[in-house]
Amino acid sequence: ATPMSVMTGTGKGAQHGILIRNAEALETLEKIDTLVVDKTGTLTMGKPDLVAVEPVDGIDESEFLAAVAGVEMGSEHPLAHAIVEGARTRGVSPGEAKDLASTTGEGVQAAVGTLQVAIGNEKMMRRVGVEDETWLGSAESGRSQGHTVMFVAFDGRPAGKIAVADPIKPTSAKAIAALHARDIRVVMLTGDSEGTAQAVAREMGIDEVHANVSPEDKHREVEKLKSEGRRVAMAGDGINDAPALAAADVGIAMGTGTDVAIESAGVTLVRGDLTGVVQAIVLSRATMRNIR
Ligand code: ADP
Ligand code: MG
């Protein structure tokens, strides 16, 4: 592209809250045929609310929530914030936790009083010796509603479940329909479970879903699509999205996301919603057409 038309293109983008880092990003956007999106914070608001607190029979709900919130006080994860906030809203003060250990993509463990508390997904439960398949399967009904359901174990035994709901951004479905109209395939990657991911994807008409994906796997998934000959844009907001954003043909960061994501991306959407991806592609196509 000529420097002049690129400047006009990036200037127009900026007026609409689409910050394009360089000529290469603007040129590549035009050729994109696949958009990979992260779920939490990209398709959804990234501000989950605690919606269910379900201790097993014989465990008091307030004591259960106090222990859970106490452990989550020590975690930086958005799920942890939702749980601690939810406990406060319900008038429960977090218990005092010590010896916190978090496992990326699985959950957290700590001691609350004499109790060993573990919170997280199936992997975390198996890590602490919980193998009750019926109980582990009981999370699916919440997940089919798009909720993120987490398991809680006390001393290596099932203690209950908690669920959070992260509302979908109002603009996500429309943006995906607009991408489809331009023959762009939409692939969702998430660290969340299969059931939750499928429910969210169905609601938005997403073509392909990969759940239980670790941060390294997000990056690998982008590389794989590229090796299959796809031209890939990746939209994400988190630290865990940074390697995938950098690996994509064009990385698109949500302006509402982390600095690490923004630094790894060629495009930043100030308003942090997917409508900006559509606008960016339209802008790129118009700019490149002007040049030819
Ligand atoms: P995401 O990309 O969806 O944020 P992560 O890879 O961070 O996913 O986490 C994957 C899963 O691990 C979560 O859906 C949750 O079940 C579990 N998990 C991670 N951190 C925590 C935490 N602090 N408390 C409870 N569960 C957690
Ligand atoms: Mg995210």
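User: What makes V267 and I18 count as in contact in this predicted model?

Analyst: The model is predicted. Contact means C-beta atoms within 7 Å. V267 meets that cut-off with I18, L19, I20, R21, A25, V250, I252 and A280, leaving aside its neighbours within four places in sequence. So V267 and I18 are called in contact.

User: Which residues touch the most other members of the largest nonpolar core?

Analyst: V267 is one of them. Helix α14 (residues 275-291) gives the most to it, with five residues. Another core lies apart, with 36 residues, among them L65, A97, V130 and A139.

User: Why are such residues called a core?

Analyst: Because they are buried residues of the listed nonpolar kinds, joined through C-beta atoms within 7 Å. In soluble globular proteins, nonpolar side chains tend to be buried together.

User: Why is E24 called partly exposed?

Analyst: Count its surroundings. E24 has 14 other C-beta atoms within 10 Å. Buried needs 20 or more, and exposed needs 12 or fewer. The count of 14 falls in between, so E24 is partly exposed.

User: Where is E24 placed, and how far is its C-alpha atom from that of V250?

Analyst: E24 is in helix α2 (residues 23-29). Its C-alpha atom is separated from that of V250 by 8.9 Å. Along the chain, E24 and V250 are 226 residues apart.

User: How do you know which domains the protein has, and where they touch?

Analyst: The domain assignment gives domain 1 (3-45 + 168-291) and domain 2 (49-165). Their C-alpha centres lie 32 Å apart. Ten residues of domain 1 are in contact with ten residues of domain 2. On the side of domain 1 that touches domain 2, helix α10 (residues 194-204) gives the most, with five residues. That side has two nonpolar, six polar and two charged residues.

User: What makes up the shell around ligand 1?

Analyst: There are 19 residues around ligand 1. S75, H77, G107, N121 and G191 come nearest. By class, the shell has five nonpolar, eleven polar and three charged residues.

User: How do you know which domains and elements supply the shell around ligand 1?

Analyst: Look at where its residues come from. Domain 1 and domain 2 each give at least three. Among the elements, α5 (78-89), β5 (107-112), β6 (115-120) and β7 (148-154) each supply at least two.

Note on methods:
Residues numbered from 1 in each chain as written. Chains lettered and ligands numbered in written order. Predicted model: local features only at pLDDT ≥ 70, side-chain atom pairs only at ≥ 80, totals over all residues. Near = placed C-beta within 6 Å. Helix = DSSP H or I, 4+ residues; strand = E, 2+ residues; numbered from the N terminus. Nonpolar A, V, L, I, M, F, W, Y, C, P; charged D, E, K, R; others polar. Domains from an automatic or database assignment. Contact = placed C-beta atoms within 7 Å.
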